[in-house]
Amino acid sequence: MYNATKGLILPTTIIGSLPRPSWFTENIGSNTFLRSMMNSRYREQYTDAVAVHLTDQEAVGLDICTDGDAHYDEEVGGQSWTSYPLYHMEGFDKANPQAAIMRTGGVAFPMGHILHDYLEARVMPKIVGPIGRGDLQYTAMWKTAQRMTSKPVKFGTITPELLAAAVDDKYYKDPVERVMALSNAINEELNELADAGCPIIQLEEPQIHMIPARGNVFGKLDMKAMVDVFNNTTKGLGDKTEVWCHTCWGNPSQQRMFKEIQSYEPSLEFLNQVDADVLTFESCSSAMQDIPAIGKIITEKKIAIGMIDHHSLQIEKPEDIATRIKDTLKHIPAERLILSSDCGMGREGMSRRHARYKMSALVQGANIVKRELGLPEATSLASDGRYSLVPTE
Ligand SMILES: [Zn+2]
């Protein structure tokens with residue numbers, strides 16, 4: 001159901017992660033989140049990190065915030081997005097993690113490629129028993145952020161099929177059984193999160209659009225079956241909160257995973273069938289090539305379009321963002337359009353200042369369009385010339 005974005009025209013947000021502050025040196029490791037928060041140094045660093053992420057987003061004027069994915073540890077290429085759930089759910093042999101088998105579906109990264117480090121860093125626990133939600137503790141993480149801001153805080157999680165692809169399995173006989181067990185466990189966790197009042201829950205990277213791009217690395221799970229997995233993972237959420245489905249073309253170490261630009265076109269009919277209120281699309285990095293097709297096929301759900309590129313350190317110009325928004329509005333009405341980043345900016349290597357000014361450019365670009373359309377502009381303290389420290393004549 002529409003909740004956080006209800007009634008908002010052209011709201012702005014980011015997908016999730018932001019670059020970790022350099023002074024945030026503590027990690028959860030094999031501890032639980034709540035156990036980590038017992039440690040006064042972790043608690044101070046963690047809550048301060050979430051606070052600066054929120055302040056940056058509020059100062060530039062985003063409408064929907066995230067905790068910057070501060071709950072993830074500092075792992076190679078942002079691997080914690082995948083490893084955190086695996087090390088905190090039930091059913092895994094956490095004491096004996098091993099390098100995971102590569103199931104890359106033709107997207108291989110040999111020695112000498114930066115993403116080979118990422119593959120080597122996939123040291124994951126094996127499945128040895130029935131999977132349960134264990135100590136994910138997403139609700140506690142979301143509450144820790146939401147109590148610092150009156151803006152809605154979106155909370156995201158990796159999808160079950162990606163977790164299933166990252167681990168060896170000594171328990172389930174069938175890969176589909178493995179995916180569904182993870183899906184059920186995450187569904188339970190997300191229902192608790194929705195019941196606690198989380199205004200937006202985001203499922204990150206269902207592999208529906210990846211099947212035409214990579215071939216089916218999930219065995220029997222074709223695009224239709226992948227839609228069913230998504231809808232099982234989000235079962236019960238739609239009546240309680242706003243559900244977002246984030247899609248992109250990969251973001252390990254802030255790198256592109258494909259040599260050629262990929263298209264959403266072959267998967268749009270299927271993406272349209274997921275039980276989500278909002279679909280997000282990586283678009284800026286592919287020169288907005290899929291916007292006409294997206295507008296034609298996704299006619300009911302809201303659509304979040306990436307207007308800034310997470311791969312590049314170049315800050316987009318507000319005027320260029322405004323042009324992209326206006327071009328997009330030819331295909332998607334303003335009432336259903338949300339403006340976002342393509343993917344997270346905190347997977348590795350980008351500085352906090354780069355991310356901050358990318359977010360600032362997004363809001364300034366959106367404000368140009370809102371001004372032209374006679375819509376209320378977002379307050380952006382971070383781009384308000386009255387607070388510049390540069391002396392004027
Ligand atoms: Zn992404």
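**Close-up views of a predicted model**

**View 1. The largest nonpolar core.** The largest nonpolar core of this predicted model has 106 residues; Phe33, Tyr46, Met89, Ile131, Phe281 and Ile305 have the most contacts inside it. Such a core joins buried Ala, Val, Leu, Ile, Met, Phe, Trp, Tyr and Cys residues through side-chain atoms within 4.5 Å. Buried means under 20% relative accessible area (1.4 Å probe, protein chains only). Helix H7 (residues 175-195) gives the most, eight residues. Helices (H or I, at least four residues) and strands (E, at least two) are DSSP runs, numbered from the N terminus.

**View 2. Around phenylalanine 33.** Contact means heavy atoms within 4.5 Å. Leaving out residues up to four places away in sequence, Phe33 touches Ile28, Tyr42, Tyr46, Tyr84, Gln137, Ala140, Met141 and Thr144.

**View 3. Strands S7 and S8.** Strand S7 (residues 302-308) pairs with S8 in the parallel sense over five bridges; pairing takes at least two DSSP bridges. Isoleucine 305 has leucine 339 in S8 as its bridge partner. Five of the five residues of S8 (residues 337-341) are buried, so the strand is largely enclosed by the rest of the structure.

**View 4. The zinc site.** His246 (NE2), Cys248 (SG) and Cys343 (SG) are the protein donors, 2.1 to 2.3 Å from the zinc ion. Donors are N, O and S atoms within 2.8 Å of the metal (3.2 Å for Na, K and Ca); water is not among the atoms, so sites may look incomplete. Their spacing along the chain is H-x1-C-x94-C. Histidine 246 and cysteine 343 are both buried.

Residues are numbered from 1 along each chain as its sequence is written; side-chain values use heavy atoms, without hydrogens and water. In this predicted model, local features need pLDDT of at least 70 and side-chain atom pairs count only at pLDDT 80 or more, while totals for chains, interfaces and linings use all residues.

Terms used: Buried means under 20% relative accessible area, exposed over 50%, partly exposed in between (1.4 Å probe, protein chains only).
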